[in-house]
Amino acid sequence: MPVVKTLNRKMRRRENALKKDQSHHFANESRTSTRLTTPLTLGAIGLGAIIGLPTPTIAQTIVPPSNGPCTVSGATATCTGDLSAGIEVNGPTITTLNVNNVDAPGVGSSGGDGINFVTPSGAINITVVGNINAEDNGIFADLNGNGDVNVTTTGNITAQENDGIDLETTNGNINLRSTGNITALDDHAIDINVVSDGDVNVVSVGDLTTQPDGGEAIEVDVNGNGNISVTSIGNIDSDSDGIELDVDGNGDITIMSQGNIFAEVNDGLEGDVDGNGNITIISKGNIDADDSGIEADVDGNGNIVIVSSGDVMGRENDGVQAEVNGNGKISITTAGTVYGENYGVVAEVVGNGSISIVNSADVSAGDAAIAVINRPGAAPATITNSGSLTGGNGFAIDLQGNGNDVVNLLPGSVVNGAVDFGNGNPNDIDTLNLAPGLNAAVNFADASGSDNDLASAPEIINFGGAGVLINGGLTAVAVDTTGFAVQGTFISDLTNAIFGAVDNATPTPTPSVGDQVSRNWLGYDDNRAGNGSRIWGTAFGGFNNVDASGSNVGFDHNITGLVSGIETDNLGVEGTFGVLAGYSDSNISLDADAGDVDIEAYYGGVYWKRDYGRFSLNAAFVAGATDNESTRNGDQEQAVGEFDGAFYSPSISVAAPITSWETPAFVSARANYVFMQLDGYTETGSSLPLTIGDRDVSILNTRAQLNLPRTIEYSNGGSTHINWAFGLDATVDVGSDDVDAIVAATPFSFVADTEDSAAGFFGVGANYHSSDGNSTIGFNSEIQSVFGGGLGVMGELTASFRF
């Protein structure tokens, strides 16, 4: 276990908050003193409503009837036109201010706030349509008693020396919606404070800037109990925190951030609840912060949910940090990239609760990439990873303390550094699950040397694929079995295509359409050419999507090939005898980027066909050789194996008519067995290469279909023959060998059988025959739906010539 760092995040936050509070109070005192020295003070007007600058020569009084840019109707003031002098309102007589149709350059002030609205009670409602450019605050609204503050702005706001928007109430709710950009050169873009209890809701659509000498882009403080919700759509360029939210009492915090965030100092996104409450942070953009990228803290009881889909950087602290000091649950989901000078992702629950971290990001850190720390309540942690983890101190995952933890490593996981499960407490039962599709080596050795290395290993290790422990139990090696099991699917698809081409070759003439069943799916009369020899050829291609099953991940098989043959019925034997030869190229791509297999096949064979009246029988035998290149992806390496193979496959098919139907129809069935021998090999390109022994693969393919043939005759004597086919197709493993392997001088074996499968299919084909019957050209197509998941498509182009 590494030495626990004594970093006190709460102390650091308190110190930062104190500095910001002092700065904020100083700014408020300066702004208040400026107004008090103005000859025209707000309290000097009995009606309690003044609009204008703090300078008496340009102040605009709201006293109906007004001949200035502002008018009053009841408790509502409406300002239009030239508002370059700014607006100042005192309540409680006025509760609503509407600003619209503003002359260029907008609402402005050469020495104070753009809009200043102060009232001792009641409510403040401000709606601004137009830009604001102020020396002090863009909008300052202060309700010194109990009541709600509601502000809506649709223009851009610039504040030279203070906040872009500054809102406050003693007890009440504050709602802000801003759709323009806000720039505060010397303080906050948005600063909101509830002195006691109340809820705050902020929606900011535009970009927020507080560079080069400003403060937080958004800061919200509820000093009592209340909920805070902030939605930020635009980008944030902040001289301090990007978004900082704090509830001193009990309440919930929600942050929804879609834009990119840069924080010159402090955190990118920060939420703090000093009492009991929940924190939810959803971040879709990139975050670059001097301290932590994302930080959430609940001092009491509560839950924390953090979801980050962009890149996150904590230049001086953590990438993503979550802490519950009481009882509660932490859920962290990260994608993109995450970097922390300290930890990449870190979570701590001091009391009772649980921790869940789901990571698909590339995480790197000066300390551990993912860490769980400071949990005297033994809160269990579940870490699910499919990203790359690199810890600067030698730890990819550091699970400090006790907690019955579970680590799930999914395909795509790259673990650079040790996975430390704790201190060997016999009551702490930890589990490592290595999912199907994963090729990885996981080390448990404790780089710090503070405890026994084996104490850092989990008590339970589950291999979803294949795997073995090496180095005396200090390293678990996971091997994806899919790349081995795909050989059965490959040879099944290939032999089906070959025997399908043989069955679909030009049919033998028979007496009549009603009696014809043939060895293939066509039924028609073609007595025009008589007997003789034929040469035929078929180009085929197909796609087979196989769903994940058992220890195998899903994969796609793409196959293309050629097969051609020559046949004759002039050999003095009953029926037609033929020979064939062909070539195919297959690419098998494994899901989750687990690897791929490229296979070239060369094959030849013989076949015999005969019609027995209205029944037909086809028999064939094919043998071939394969050239294989298999790649396993894992741990940022590609383990490549090259090996040869050979296969042998007999096939028999029968067809019979359905005589009870008025329309031509027949049924057919085919079965073929495949025996394939694969050579052994040793991988290259891997720091832990596998040595694989020779093995055999045995499968049985079966097929049954209903055929509905139709014939279209042409005046020139030619014809087109169309067939609709429906049926079932099945593949069964009938005794394939296990795979014998060796890694780091440690032998192990695993099952890599072909998954048994069944599929329903629908096909259609059409062949055109010349008027003399000597040539044929056509196509066949088929789509399969595998029961339990998966889809296959196959097509072929055919041609034959009689000579």
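The structure holds one disulfide, and because this is a predicted model, that bond and the other features described here are computed from predicted coordinates. The disulfide is formed by Cys 70 and Cys 79, while a second topic of this briefing is an open sheet of three strands.

**The disulfide**

- The sulfur atoms of Cys 70 and Cys 79 lie 2.2 Å apart, which is within the 2.5 Å that defines a disulfide.
- The torsion about the S-S bond of Cys 70 and Cys 79 is about 110 degrees, and the disulfide is therefore right-handed.
- Cys 70 has a relative accessible area of 0% and is buried, a term that applies under 20%.
- Cys 79, with a relative accessibility of 0%, counts as buried.

**The three-stranded sheet**

- The strands of this open sheet follow the order S44-S47-S46, and their pairing is antiparallel.
- Strand S44, covering 440-443, and strand S46, covering 466-470, stand at the edges with a single partner strand each, so one side of each is left without a neighbour in the sheet.
- On average, and with direction ignored, neighbouring strands of this sheet are turned by 20 degrees against each other.

**The pairing of S44 with S47**

- Strand S47 comprises residues 475-479, and its pairing with S44 runs in the antiparallel sense over four bridges.
- Within this pairing, Asn 443 has Thr 475 of S47 as its bridge partner.

Methods
Residues are numbered from 1 along each chain as its sequence is written. This is a predicted model: local features need pLDDT of at least 70, side-chain atom pairs count only at pLDDT 80 or more; totals for chains, interfaces and linings use all residues. Side-chain values use heavy atoms; hydrogens and water are left out. Two strands pair if DSSP finds at least two bridges between them. Helices (H or I, at least four residues) and strands (E, at least two) are DSSP runs, numbered from the N terminus. Axes are lines fitted to C-alpha atoms, for helices over the stretch in contact, and angles run from 0 to 180 degrees between N-to-C directions. Buried means under 20% relative accessible area, exposed over 50%, partly exposed in between (1.4 Å probe, protein chains only).
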